[in-house]
Amino acid sequence: MSGAGEWCLIESDPGVFTELIKGFGLHLLGPSSWQHDIAHGIRVNSDACVKGVQVEELWSLDPENFENLRPIHGLIFLFKWKADDEPQGSLVMDNRLDKIFFAKQVINNACATQAILSILLNCSHPNLELGKDLTTFKEFVMTFDPATKGLSLSNSNVIRSVHNSFARQQMFEFDQKAASKDDDVYHFVSYMPIEGRLYELDGLKEGPIDHGQIPTETDWLDVVRPILEKRIQKYSADEIHFNLMAVMSDRRSKYQKRIDEINQLIQSGTMETDDLHSEISKLELLIKDEQNKMDRYKVENIRRKHNYLPFIMEMLKILAQEGKLVNLVEKVNGKPKAVQQALVY
Amino acid sequence: QMIELPEQMNEDLSVFMSVMSADTWSTVLSESQRKHLTKFLPTFPENDAAEKSDTLRHLFNGDNFKYGNPLKEFHKKLKGGRFSPDIAKYINLCRKAKHREYKCQQHIYYTNLLKEILINRQRILQTASM
C-alpha cells in the first residue's frame with residue numbers, strides 16, 4: 001500500500017509503547033474512590049486529568065505476575081510471523097461491530113501503534129479518558145468498515161506523527177540474522193474485555209473474535225489465561241519468538257496527581273494539615289516503591305530476554321571435551337549407557 | 001559442531017539439571033573456564049558481576065525466565081531430538097515451508113485488502129457527495 005514508507009518501524013520495547021501512549025495525549029482520571037476518601041468532604045475537581053497508562057512485558061502467566069500489574073486494560077501479543085491458524089472463538093459479524101473499534105492491518109509498520117489504539121479506543125475503564133485527538137479520530141471512523149478504518153488510521157496525520165516520533169533505535173530483538181536478510185513484518189493480536197465479553201483483535205482477520213462471556217465475579221485475566229497458554233505453546237513449538245505485553249494504569253502518575261491535589265488543599269489552608277502531610281509521605285513512599293520496581297524491571301528485562309543457548313552449548317562443550325560429562329552422570333545415575341550425539345547450531 | 005552426550009542426560013531432566021548445576025559450576029569448572037563462560041551471560045549496566053551471579057543462580061535453580069527456564073527448555077528440545085542432526089534438518093525445512101506459506105498468505109491478504117478498500121472508499125465518497 002502506498003504510504004508505508006512514511007511510517008517508520010518502531011521497536012517492540014514496552015518503554016517505547018508507554019511513551020507512544022503518552023504521545024497520544026491519553027488521560028487517566030484518578031480513581032473515583034479518592035474523591036470520597038478525602039477528609040472533611042472537600043470535593044476534588046474531577047476534570048483534573050493525569051496522563052498515564054503504561055505498558056509492561058509479561059514473562060509468565062502465573063496469577064501473581066498479573067497481580068502486580070492490575071488493573072490490566074488489555075494484552076498485546078507481538079510476533080514476527082505466524083502460520084495461519086484456525087480461530088478458537090467465533091468471528092463477530094453482527095451489529096456489535098458498530099461499537100467495537102476494529103481496524104484491518106493496512107500499513108505493517110504501524111502495527112505497534114495499531115495494537116495500542118485497538119485497546120485504548122475500546123477501553124471503557126472508568127479511569128481512562130481518551131484525549132481530544134483520539135476522540136475525534138474515533139468519532140470520524142466509527143461507522144466505517146474494518147478495511148476503511150485501517151486505511152483511515154494509516155492516513156491520520158496526528159497518529160502518524162506521534163508514531164514517527166519514535167524512530168527505530170534497533171531492530172526487534174527477534175532473530176537478528178533473519179531480520180537483516182528478509183523483509184518480514186510484525187503482527188499483533190490484542191486481547192481485551194469489551195462489555196463483559198472477551199475479544200481478540202487481530203488486524204489480519206476479517207473481524208474481532210469473540211471468546212465468549214466473562215462470568216460475573218470473574219476476572220477477565222482468568223478467562224484469557226488458558227487462551228494465551230495455548231498460543232504460547234504453539235509459538236514455542238514453532239520456535240516463533242513473541243512478546244506479550246500488558247497495557248495497564250501507571251501508578252506513579254496516579255500517586256503524584258494525588259500529592260498535587262493535597263498540596264493544593266494545604267495551600268488553600270482551609271483544613272487540618274497533619275493528616276494531609278502524613279498522606280503525602282505515604283504516597284511518596286509508594287512512588288519510590290514503584291520507581292524501584294521499574295528499575296528492577298529494566299534489569300529483569302536484560303536477564304530474561306537474553307539467549308542462553310550459546311552459554312548452555314559452551315558449558316556442555318567444555319564438560320564434554322574433558323570427559324567430565326560421563327563422570328558427572330555416573331555420579332548421579334550410575335554407569336552411563338550408550339552415548340548420543342547432539343547437534344550444535 | 002557436535003557434542004556427544006550420555007544418554008541419561010537426554011532422557012532424564014533431573015540428571016541433566018544435576019550435571020548443569022551450581023555445584024558443577026563451582027567445583028568442576030576451573031577459574032579460567034568460568035571466566036570464559038561468563039562472556040556468554042547478559043551484560044548489565046550496573047552491578048554487572050552481582051547480576052551475573054544472580055543470573056547463574058536463577059538459571060541453575062530452574063527458575064522462570066520467559067515462559068520457562070532456559071535449561072529446562074533446552075532439555076525439552078534435547079529430549080525431543082531437536083538437536084540431533086537428522087531431526088534438526090527436517091525441522092528447519094518444515095519451518096521454511098511454513099514461512100513460505102505465510103508469505104503467500106500475506107500476498108493474498110493484501111491483494112484482497114486493496115480491492116476491498118477501493119470499493120469501500122468509492123462507496124463512502126459517493127454517499128458523502130449525495
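Predicted model: local features only at pLDDT ≥ 70, side-chain atom pairs only at ≥ 80, totals over all residues.

Author: Residues are numbered from 1 along each chain as its sequence is written, chains are lettered from A and ligands numbered from 1 in the order written, and side-chain values use heavy atoms, with hydrogens and water left out.

Reader: How many helices and strands are there in chain A?

Author: Helices (H or I, at least four residues) and strands (E, at least two) are DSSP runs, numbered from the N terminus. Chain A has 13 helices and ten strands.

Reader: Is A:S60 buried or exposed?

Author: Buried means under 20% relative accessible area, exposed over 50%, partly exposed in between (1.4 Å probe, protein chains only). A:S60 has a relative accessible area of 7%, so it is buried. A:S60 sits in the loop between strand 2 (53–57) and helix 3 (63–67) of chain A.

Reader: Which residues is A:S60 in contact with, leaving aside its neighbours within four places in sequence?

Author: Contact means heavy atoms within 4.5 Å. With those neighbours set aside, A:S60 is in contact with A:N65, B:N64 and B:Y67. Its side chain also reaches the backbone nitrogen of A:D62 at 3.0 Å.

Reader: What do chain B and chain A bury between them?

Author: Buried area is the accessible area (1.4 Å probe) that two parts lose on being put together, summed over both. Here the two chains bury about 6900 Å², with 64% of it on carbon and sulfur atoms. The contact takes 74 residues from chain A and 66 residues from chain B.

Reader: How many salt bridges are there between chain B and chain A?

Author: A salt bridge is a side-chain nitrogen of Lys or Arg within 4 Å of a carboxyl oxygen of Asp or Glu. The count is five between chain B and chain A. A:E57 and B:K66 meet in a salt bridge, at 3.6 Å from N to O.

Reader: Which residues have the most contacts inside the largest nonpolar core?

Author: A nonpolar core is a set of buried Ala, Val, Leu, Ile, Met, Phe, Trp, Tyr and Cys residues joined through side-chain atoms within 4.5 Å. The largest has 39 residues, and those with the most contacts inside it are A:F17, A:I76, A:L78 and A:F101. Helix 4 (residues 111–122) of chain A gives the most to this core, with eight residues. A second, separate core of 33 residues includes A:Y308, A:I312, B:M20 and B:L59.

Note on methods:
Polar contact = N/O pair within 3.5 Å; in protein donor to acceptor, adjacent residues only side chain to side chain.
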